[in-house]
Every structure is written in structure tokens, then in C-alpha cells.
Amino acid sequence: MTLPVHTATPPTPARAHLLHDGTVDDYRAAVTAGADRVARRVAEAAGPFTGVRPEQLAPLVDAIDLDRPLRDTTAALDELDEVYLRDAVWFHHPRYLAHLNCPVVIPALLGEAVLSAVNSSMDTWDQSAGGTLIERRLIDWTAARIGLGPAADGVFTSGGTQSNLHALLLAREEALAGANPTDRRILLPQLRIITSAAGHFSVQKAAKLLGLAPDAVVVVQTGPDRQMRAGAVRHEISRCRRVGLTVLAVVATAGTTDFGTIDPLDEIAEVCATSGVWLHVDAAYGCGLLVSPTRRHLLDGIERADSVTVDYHKSFFQPVSSSAVLVRDRRTLRHATWHADYLNPARMVAERIPNQVDKSLQTTRRFDALKLWLTLRVMGPDAIGELFDEVCDRAAQAWQLASADPRFEVLTRSALSTVVFRWRPAGTAADLADAANLHARSALAASGLAVVAGTRVDGRQYLKFTVLNPATSTDDVAYVLDLIAEHAGRYAHTHAVSTADLTCPVG
Ligand SMILES: Cc1ncc(COP(=O)(O)O)c(C=O)c1O
């Protein structure tokens with residue numbers, strides 16, 4: 001038998017774009033040129049955003065004829081600069097204070113470059129080899145940090161939404177275990193999920209995708225501390241049972257999206273344990289505490305969960321996407337298993353071939369775990385935890401600044417790194433304050449000087465800082481508060497319908 005001869009025939013123009021042994025120099029040059037463009041924009045960004053509006057940018061994107069290639073990398077990058085990089089929203093900028101987007105660590109970017117070039121797919125061993133083992137080590141490492149015990153397992157996912165869906169699918173199947181198809185049809189509309197009013201909307205979405213009843217999510221109201229009360233959970237479980245409903249899971253949140261609050265995990269775990277109900281902890285945001293040198297105790301009780309969501313792309317400073325769902329009992333993962341003859345036939349289980357698709361909702365799947373791997377191997381977990389600690393400290397300082405400022409009303413102090421507040425000097429009518437805060441948020445983004453988030457709380461319009469950048473200083477926070485007060489104050493003075501609406505000075 002002879003090895004096929006590697007012909008020296010010149011590649012066709014199309015083939016010259018494929019990464020292979022004859023194009024490695026082009027690959028290196030193209031990736032370096034792309035990194036160089038990003039580096040230039042990062043170095044030059046004067047603010048987190050240019051304030052560009054959709055109607056300004058859309059014509060530039062629409063004008064590009066996708067059927068007429070530029071046939072030149074430099075020209076394509078020039079064009080990309082115009083339609084994307086110039087006006088991108090930059091999370092590395094200290095005055096990006098809006099959503100749960102983090103600046104990213106360089107070892108993870110290195111991982112991103114490597115994983116996309118090798119292009120492993122994590123579904124089967126025969127498409128990833130070592131990648132499978134690396135992902136499994138990271139799942140074991142995360143499960144150990146949580147304290148889930150020796151039978152724990154899990155899988156990387158695309159994000160917290162998918163992790164929550166996955167966990168609730170497993171919980172639904174556990175609740176329906178042993179039911180025949182007829183019983184399933186009867187039981188499905190009777191299933192309930194208990195979560196809090198501050199929980200993430202992906203729980204509602206998951207319930208819908210899982211075919212549950214429209215009122216399947218029982219929302220427990222929170223007090224001013226925005227935490228779900230264990231007593232309220234116990235009460236709801238009893239109430240559901242009294243009327244013949246089955247609680248398939250309680251979803252506690254370790255780091256609510258708006259308030260950064262953490263539900264009393266240990267107390268809720270106790271209620272779930274005594275009631276025999278699956279506990280899912282959504283730690284998409286709070287998972288950074290797993291590596292915090294000073295705040296790990298805030299997650300006490302998480303080790304009692306049946307399943308946990310972690311988003312490394314929120315508080316581990318990883319690029320999107322990087323998330324995982326973990327379970328206490330690896331046997332529960334079988335509910336997402338399907339064997340296909342062409343891919344992962346059942347015999348491979350007996351042969352001990354590790355096919356991650358057996359545990360995943362996805363088939364073809366990115367090797368996102370590599371980013372976390374390189375992060376841990378270069379920086380180590382403590383360094384990530386220190387970064388997260390820093391942003392939590394900064395948010396606490398921001399909370400103090402805003403609380404001490406008579407121009408603002410401030411809500412619950414976050415255990416993590418958000419601040420929910422609104423401009424409302426004494427004497428400002430509530431409706432006018434609502435409109436003024438909405439205006440301030442968009443005026444600020446339009447100016448490009450800062451980006452902040454907004455949310456509604458108890459029917460009123462609030463603003464939100466999510467601090468995830470250790471480079472954000474208290475001076476940045478003070479500056480942004482002044483900008484907000486200026487925009488809101490000007491708006492209020494222009495729009496006050498009567499002096500009764502506004503008895504305060506501008507700003
Ligand atoms: C608490 C919580 N859970 C889940 C999610 C959804 O995560 P993802 O956006 O990665 O799907 C978020 C997103 O902000 C979140 O804050």
C-alpha cells in the first residue's frame with residue numbers, strides 16, 4: 001500500500017482560502033491583520049460607543065454587495081472597520097456600565113484564536129480527541145469548586161439561557177420519571193417551576209419550550225432586598241401540592257440580573273431537600289464568586305443544588321460564548337441522550353468512548369472550554385477571582401456615591417456588581433422622573449461618553465450600572481452620575497407641565 005502523493009499542482013483561487021499546509025503564512029498574516037485592527041480600535045476608543053444610530057449604519061451595511069467579493073483581505077478589513085469596528089460597543093472601556101458584558105482576558109482570546117482555527121467539534125471524541133478531555137476536566141474542576149460531590153457532571157453550553165433550559169429539561173424528566181405517554185400528557189400541564197420575581201426571564205422561556213402550561217412558572221415576590229424567601233418557597237410548594245400540582249424545580253438565583261442579589265441558597269436547599277424538589281441554582285452571574293479570594297462564602301448552600309448554571313462569559317472575563325450546566329447526579333444527563341448510528345452509536349458507551357454529545361442539547365459544538373483552560377493555565381483561578389472582587393468593590397463604592405447624592409434614589413445594595421438607581425431630586429414628580437431617566441439613558445448613549453442600562457422596578461423607570469471592568473474608577477462613576485443628572489435635569493425642566501412637577505434645581 002502506498003501513501004497518496006501530495007501533488008504540487010498550484011491550488012485553485014478558491015482553495016487558496018482554505019487553511020492547509022500550503023496557506024499557513026496567509027493564515028498567520030490574516031489573523032495578525034485582524035488582531036491589529038482590533039488593537040488599534042481598542043487603543044484609540046475615546047468612549048464605549050460612538051452613539052451611532054441604526055438608520056445611520058444600516059445604509060452602509062445594506063450597500064455592500066455580498067455577491068461581489070473584494071478579493072483582498074486589507075480591503076475587507078477596511079470595509080469592516082466602517083460597518084462594525086468604528087462604531088462597536090466596547091466593553092473594555094471603563095465607562096461601559098450597562099449589561100453583563102465583561103472585558104475579556106488575553107489568554108482566553110488566545111484560546112478563541114486557536115479553537116476556531118483547529119475547529120474541533122465537541123460532539124464526539126472522533127472530532128475533538130484531547131478537546132473532550134479538556135472540557136471534562138473543566139467540568140470536574142467547576143463541579144469541585146461548587147462542591148457538587150463525586151457523582152457530578154455537566155457540559156459546556158452556549159450561555160445561561162441554554163444552561164437553564166437544559167437543567168429544567170432534566171428536572172422535568174425526573175419529575176415525569178416512569179410516566180407512560182398517556183400519563184405524561186396528563187401530568188405535563190400540572191408541572192410548576194418556582195422562582196422569584198428577580199429571577200431571569202430565561203426560566204419563563206424554558207418553561208414554554210418545555211411544553212409546560214402558560215402559568216407554569218410560579219413567581220414568588222421578593223421584598224426590598226430582592227431575595228427569594230425560603231418560607232415563601234415552602235408555602236408555594238405546599239399550595240401547589242394541595243391543588244394537585246407538581247413542582248418540578250425551584251430555581252434560586254445566585255446573582256440576579258438587575259440587583260446582583262443572591263437568594264438564601266442554604267435555606268432554600270433545605271426546603272427543597274425536605275420537600276423532595278429539584279433545586280436549580282442559576283449562578284450565571286454569581287459564578288465568579290467560585291474563585292473569589294474573599295467572597296466565596298456568599299455562595300454557601302450552592303453545593304446542595306441538583307443543577308447549577310455558570311456563565312464564564314459573565315464573571316470569569318471570558319469571550320462569548322462560554323457557559324456550563326452542572327448536575328449533582330451524572331445519571332440525570334441521560335435525559336438529553338440520543339444515539340445516532342452515524343455519530344454516537346450506543347455501543348460506544350460500552351466501549352467507553354467519551355462522546356460529549358451524549359450529554360448535550362447541541363450536536364456540533366464549539367470548543368469554548370479551551371478559553372477557560374488557557375485562562376486557568378496562564379492566570380490561575382485566584383487572578384480571575386481578584387478581578388471579580390475588584391468590580392464588586394467598585395460597585396459598592398458606586399452605590400455609596402449614588403446613595404450619598406441627593407439627586408438620586410438608590411435601591412438594594414448588590415452582593416455583586418450592579419447599582420440600580422434613578423435621578424429624582426426631592427420634589428420631582430414620579431412620572432416626570434421616569435421620562436427623565438429614560439431620556440438620560442438614551443442621551444448618554446447617543447453622546448458616546450458612557451453606556452448605562454435601564455430597567456423597571458415596581459412600575460418605575462430606573463437606571464442600572466453593571467460594573468464588570470476593574471478599570472472603572474470611582475471618578476468614572478462620579479462623572480457618569482453628573483452626566484445623567486445633567487441630561488435628566490435638562491429634560492425635566494423642559495418637560496415639566498407645572499411647577500408642582502418639579503421643585504428642584506437643574507442637575
Ligand atoms: C441570572 C441570569 N441567568 C441567565 C442569563 C442568561 O444568560 P445568557 O445571556 O448567557 O444566555 C442571564 C443573562 O444576563 C442572567 O443574568
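# Close-up views of the model

**View 1. R37 is a buried residue, with a relative accessible area of 13%.** Here buried stands for under 20% relative accessible area, exposed for over 50%, and partly exposed for what lies in between, with a 1.4 Å probe and protein chains only. The model is predicted, so local features need a pLDDT of at least 70 and side-chain atom pairs count only at pLDDT 80 or more, while totals for chains, interfaces and linings use all residues. Residues are numbered from 1 along each chain as its sequence is written, and side-chain values use heavy atoms, with hydrogens and water left out. The side chain of R37 meets that of D78 in a salt bridge, with 2.8 Å from N to O; such a bridge is a side-chain nitrogen of Lys or Arg within 4 Å of a carboxyl oxygen of Asp or Glu. This pair joins distant parts of the chain, since R37 belongs to helix α1 (residues 24-44) and D78 to helix α3 (residues 73-85), 41 residues apart. Helices (H or I, at least four residues) and strands (E, at least two) are DSSP runs, numbered from the N terminus. D78, at 38% relative accessibility, counts as partly exposed.

**View 2. E112 and R366 form a salt bridge between their side chains, at 2.2 Å from N to O.** E112 is found in helix α4 (residues 106-118), whereas R366 sits in the loop between α13 (347-350) and α14, so the bridge ties together parts that are 254 residues apart in sequence. With 18% relative accessibility E112 counts as buried, while R366, at 34%, counts as partly exposed.

**View 3. R239 and E236 form a salt bridge in which the closest N and O atoms are 2.8 Å apart.** Both residues belong to helix α10 (residues 230-242), where they are three residues apart, or about one turn of the helix. An α-helix has 3.6 residues a turn, so residues three or four places apart point the same way. R239 counts as partly exposed at 31% relative accessibility, and E236 counts as buried at 15%.

**View 4. A network of salt bridges links E409, R422, R424, D431, D434 and R460.** In the whole model, the count of salt bridges comes to 38.

**View 5. Helix α15 (residues 381-403) has 23 residues, and its end C-alpha atoms are 33 Å apart.** This separation agrees with the 33 Å that the helix should span at 1.5 Å a residue, where the expected span is 1.5 Å times one less than the number of residues. The buried residues of α15 are I384, G385, F388, D389, V391, C392, R394, A395, A396, A398 and A402. They pack against helices α12 (312-315), α14 (369-378) and α17 (474-495), and also against strands β9 (408-410), β10 (418-423) and β12 (460-466); contact here means heavy atoms within 4.5 Å.

**View 6. The ligand is surrounded by 14 residues, of which the closest are G160, T161, T257, D282 and H313.** For K314, a polar side-chain atom lies 3.1 Å from an oxygen atom of the ligand. The protein covers 84% of the 390 Å² of accessible area that the ligand has on its own, areas being calculated by the Shrake-Rupley method with a 1.4 Å probe, and for residues only the protein chains shown count as cover.

**View 7. Q162 lies in helix α7 (residues 160-175).** It is buried, with a relative accessible area of 13%. The side chain of Q162 makes a polar contact with the side chain of S158 at 2.7 Å; a polar contact is a pair of N or O atoms within 3.5 Å, and within protein one must be able to donate a hydrogen and the other to accept it, while residues adjacent in sequence count only if both atoms are side-chain atoms. If neighbours within four places in sequence are left aside, Q162 is in contact with T157, L361 and Q362.

**View 8. V452 lies in strand β11 (residues 451-457).** At 3% relative accessibility, V452 counts as buried. Not counting residues up to four places away in sequence, V452 touches L97, A98, R441, L444, K464, F465, V480 and I484. The C-alpha atoms of V452 and A230 are separated by 33 Å, and these residues are 222 residues apart along the chain.

How values were computed:
Near = heavy atom within 4 Å.
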